[in-house]
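Open the model in your viewer and show it as a cartoon.

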Amino acid sequence: MPSAEEFTEVQESAEFGELRRSYRSFAFPLTVAFIAWYLLYVLLSNYAGDFMGTKLFGNINVALVLGLAQFLTTFLIAWWYARHAAAKLDPKAEAIKSRMEGGE
């Protein structure tokens, strides 16, 4: 088991800093964008009732389409993050873990 000093050393390393930057540069902007998109939907639902009630075809209106788009974007973001993590984050994290466990 690595000591507290070894954990601190890894935390302060350039390699760990790059891992953290890779995660943050993906997660933070996407989180802000999704929250803005969600709040736009809520605000439109509260203050633009006529627009949201606009029928697109049959009984399908703008509110229903945008509401379903919320689910779609949630799944797309999860899929995109899984691909990003597998390609960029996991190899860096595995290298750090391997070194900490004495595998390298």
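Helices (H or I, at least four residues) and strands (E, at least two) are DSSP runs, numbered from the N terminus. This is a predicted model: local features need pLDDT of at least 70, side-chain atom pairs count only at pLDDT 80 or more, and totals for chains, interfaces and linings use all residues. Residues are numbered from 1 along each chain as its sequence is written, and side-chain values use heavy atoms, without hydrogens and water.

**Whole chain.** Select the protein chain and color by secondary structure. From the N terminus, the elements run α-α-α-β-β-α. That comes to 4 helices and 2 strands.

Now view the chain along its principal axes. The C-alpha atoms fill a box of roughly 65 × 20 × 20 Å. The radius of gyration, taken over C-alpha atoms, is 21 Å, whereas a compact globule of 104 residues would have one near 13 Å. The globule rule is 2.2 Å times the number of residues to the power 0.38.

**The helix pair.** Select residues 14–47, helix H2, and residues 62–100, helix H4. How do their axes cross? They come within 10 Å and cross at roughly 175°. Axes are lines fitted to C-alpha atoms, for helices over the stretch in contact, and angles run from 0 to 180 degrees between N-to-C directions. H2 and H4 are therefore roughly antiparallel (over 145 degrees). Their contact has 20 nonpolar, 6 polar and 4 charged residues. Here Ala, Val, Leu, Ile, Met, Phe, Trp, Tyr, Cys and Pro count as nonpolar, Asp, Glu, Lys and Arg as charged, and the others, Gly among them, as polar.

**Surface.** Finally, switch to a surface view. Of the 104 residues, 19% count as buried, meaning under 20% relative accessible area with a 1.4 Å probe, protein chains only.

How values were computed: Angles under 35 degrees count as roughly parallel, over 145 as roughly antiparallel, 65 to 115 as roughly perpendicular and the rest as oblique. Buried means under 20% relative accessible area, exposed over 50%, partly exposed in between (1.4 Å probe, protein chains only).
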